[in-house]
Amino acid sequence: MAGPPKKRSSAAKKERRTKRKVCSFCADKLPDINYKDVPRLRKYVSERGKILPRRISGNCAKHQRLLTVAVKRARIIAFLPFTSE
Ligand SMILES: [Zn+2]
């Protein structure tokens with residue numbers, strides 16, 4: 001299969017494919033990602049604990065960056081107890 005012909009107009013450059021996921025954080029108008037929002041973070045972490053890449057999660061660069069930080073924080077908190085014996 002040769003594939004579809006590539007359109008090279010300036011408008012087509014922005015959206016490579018017509019299907020473009022909108023960043024869910026932008027959609028919810030969240031300026032920041034709370035690391036305590038574990039159920040939300042879970043959606044962006046694979047079963048093996050890896051953070052999903054942007055092309056899968058569909059997040060924008062800004063929120064993907066915030067997400068990585070939030071997930072890392074959440075990991076640390078999950079690992080460390082709040083109180084020591
Ligand atoms: Zn976003």
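Trainee: How many helices and strands does the protein chain have?

Mentor: In this predicted model, the protein chain has five helices and zero strands. Read along the sequence, the pattern is α-α-α-α-α.

Trainee: What share of the residues in the protein chain is buried?

Mentor: Buried residues account for 11% of the 85 residues in the protein chain. A residue is called buried when 20 or more other C-beta atoms lie within 10 Å of its own, and exposed when there are 12 or fewer.

Trainee: Which residues make up the largest nonpolar core?

Mentor: The general idea comes before the case. In soluble globular proteins, nonpolar side chains tend to be buried together. Here the largest nonpolar core has six residues: F25, I33, Y44, L67, A70 and V71. Helix α5, residues 61-79, supplies the largest share of this core, three residues.

Trainee: What can be said of Y35, and is Y35 buried or partly exposed?

Mentor: Y35 is also found in the loop between α2 and α3. Y35 is partly exposed, because 19 other C-beta atoms lie within 10 Å. With residues up to four places away in sequence left out, Y35 touches A70, R73 and A74. The C-alpha atoms of Y35 and A74 are separated by 5.5 Å, although these residues are 39 residues apart along the chain.

Trainee: Where does L41 lie, and which residues does L41 touch?

Mentor: L41 lies in helix α3, residues 38-42. Its contacts, not counting residues up to four places away in sequence, are A70, V71 and A74. L41 counts as partly exposed, because 19 C-beta neighbours lie inside 10 Å. Between L41 and I51, ten residues apart along the chain, the C-alpha separation is 9.1 Å.

Trainee: What is the phi value of K29, and is K29 buried or exposed?

Mentor: Phi of K29 is near 55°, which is a positive value in a residue other than glycine. K29 is placed in the loop between α2, residues 24-27, and α3. K29 counts as exposed because 6 C-beta neighbours lie inside 10 Å.

Trainee: Finally, what share of the contacts with a separation of 6 or more comes from residues 24 or more positions apart?

Mentor: Such residues account for 64% of those contacts in the protein chain.

Key. Residues numbered from 1 in each chain as written. Predicted model: local features only at pLDDT ≥ 70, side-chain atom pairs only at ≥ 80, totals over all residues. Core = buried A, V, L, I, M, F, W, Y, C linked by C-beta atoms within 7 Å. Helix = DSSP H or I, 4+ residues; strand = E, 2+ residues; numbered from the N terminus. Contact = placed C-beta atoms within 7 Å.
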